[in-house]
Amino acid sequence: MRITVFGAAGNVGSRVVAEALSRGHHVTAVVRDAARFPELPAAAEARTGDASNPDDVARLSAGQDLVIGATRPAPGSERQLVAATEGLLAGLARTGVRLLLVGGAGSLTLPGTEGTTVIDGPGFPADWRPIALACNDQLAACRADQEVDWAYLSPAALLEPGERTGRYRLGKDELLVDAEGVSAISMEDLSVALLDEAERPAHHRARFTVAY
């Protein structure tokens, strides 16, 4: 496949690029600043572009099979996530290319509740709230779109660098937890799940989630 990854030098984006390359896909790795080109794998085609700019998105998605959005703004700039999502949707409406988005877990419902979301659940960290709210608006922007074939991946509650095991469980709108009540997945295995969806599309205009 020919895959464009926005946010290719980030924590998740870099792992998505590595996973896609390991499977033999042609990857266009997009960053906003060319100074980050040295951080990208030599096997990827390095390009500059801004996900919030529909013209950039259209230019970098033309002729591709898939676009993956893995951007994550710095603390204090969380609203950029919504702008990036809107730019991706507007640009891809021109090219008809499918979109996979790495989102947030805050809008998932907690098991055993009457639909209480993670962000509204007990003990949700206050410093996570700005990015969680932005992710909720990111998902809302997708659901309001009428043109793009998108899929939105909500990770487990804990998403951290770790090991690639190649295993995970799939869910839809409810937070997945293990026998001890822990919801976690490594960034490496999140990338596995994302590329599995890329190669064997099962979610169209829908959200899904993964965890151990």
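Predicted model: local features only at pLDDT ≥ 70, side-chain atom pairs only at ≥ 80, totals over all residues.

Visitor: In what order do the eight strands of the open sheet come?

Guide: Strands of a sheet pair through backbone hydrogen bonds, either parallel or antiparallel. Here the pairing is mixed, and the eight strands form an open sheet in the order E3-E2-E1-E4-E5-E6-E10-E8.

Visitor: Which are the edge strands?

Guide: The order of the open sheet runs E3-E2-E1-E4-E5-E6-E10-E8. An edge strand here pairs on one side only. That leaves strand E3 (45–48) and strand E8 (169–171).

Visitor: Let's look at E5. Which residue in E5 is the bridge partner of Leu66?

Guide: Strand E4 spans residues 66–69, and four bridges join E4 to E5, with the two running parallel. For Leu66, the bridge partner in E5 is Arg98.

Visitor: On the E6 side, what is the bridge partner of Leu99?

Guide: E5 is also joined by four bridges to strand E6 (residues 150–154), again in parallel. In E6, Leu99 has as its bridge partner Trp150.

Visitor: Are the two faces of E5 covered or exposed?

Guide: In a regular strand the side chains alternate between the two faces of the sheet. In E5, Arg98, Leu100 and Val102 are on one side, Leu99 and Leu101 are on the other, and all of them are buried.

Visitor: Which helix makes a right-handed β-α-β unit with E4 and E5?

Guide: The helix spans residues 80–95. It lies across E1, E4 and E5, running at about 170 degrees to E5. The helix in this right-handed unit is H3.

Visitor: Which helix makes a right-handed β-α-β unit with E5 and E6?

Guide: E5 and E6 run parallel and are joined by four bridges. The helix that makes the unit with them covers residues 129–144, and its name is H4.

Visitor: How many residues of H5 are buried?

Guide: Helix H5 (residues 187–199) has 13 residues and reaches 18 Å from its first C-alpha to its last, close to the 18 Å expected. Its buried residues include Met187, Leu190, Leu194 and Ala198. Glu199, by contrast, is partly exposed, with a relative accessible area of 30%. The count of buried residues in H5 is 12 of 13.

Visitor: Now for charges. Which residue does Arg23 form a salt bridge with?

Guide: Side chains of opposite charge can pair when their charged atoms come close. Arg23 is partly exposed at 25% relative accessibility, and the closest N and O atoms of its pair are 2.9 Å apart. The pair links distant parts of the chain, from the loop between helix H1 (11–22) and strand E2 (26–31) to helix H5, 176 residues apart. The partner of Arg23 is Glu199.

Visitor: Which residues are linked with Arg23 in a network of salt bridges?

Guide: The structure holds 18 salt bridges. The network that includes Arg23 also links Glu19, Arg164, Asp196, Glu199 and Arg200.

Visitor: How many residues apart in sequence are the parts that Asp145 and Arg205 tie together?

Guide: Asp145 forms a salt bridge with Arg205, their closest N and O atoms being 3.5 Å apart. Asp145 lies in the loop between H4 and E6 and Arg205 in the loop between H5 and strand E10 (206–211), so the pair ties together parts that are 60 residues apart in sequence.

Visitor: Is Asp120 buried or exposed?

Guide: Asp120 has its place in the loop between E5 and H4. Because its relative accessible area is 53% and the cut-off is over 50%, Asp120 counts as exposed.

Methods:
Residues numbered from 1 in each chain as written. Heavy atoms only, no water. Buried < 20%, exposed > 50% of the residue type's maximum accessible area, 1.4 Å probe, protein only. Pairing = 2+ DSSP bridges. Right-handed = clockwise from strand over helix to strand, strands pointing away. Expected span 1.5 Å × (residues − 1). Salt bridge = Lys/Arg side-chain N within 4 Å of Asp/Glu carboxyl O. Contact = heavy atoms within 4.5 Å. Axes fitted to C-alpha atoms, helices over the stretch in contact; angles between N-to-C directions.
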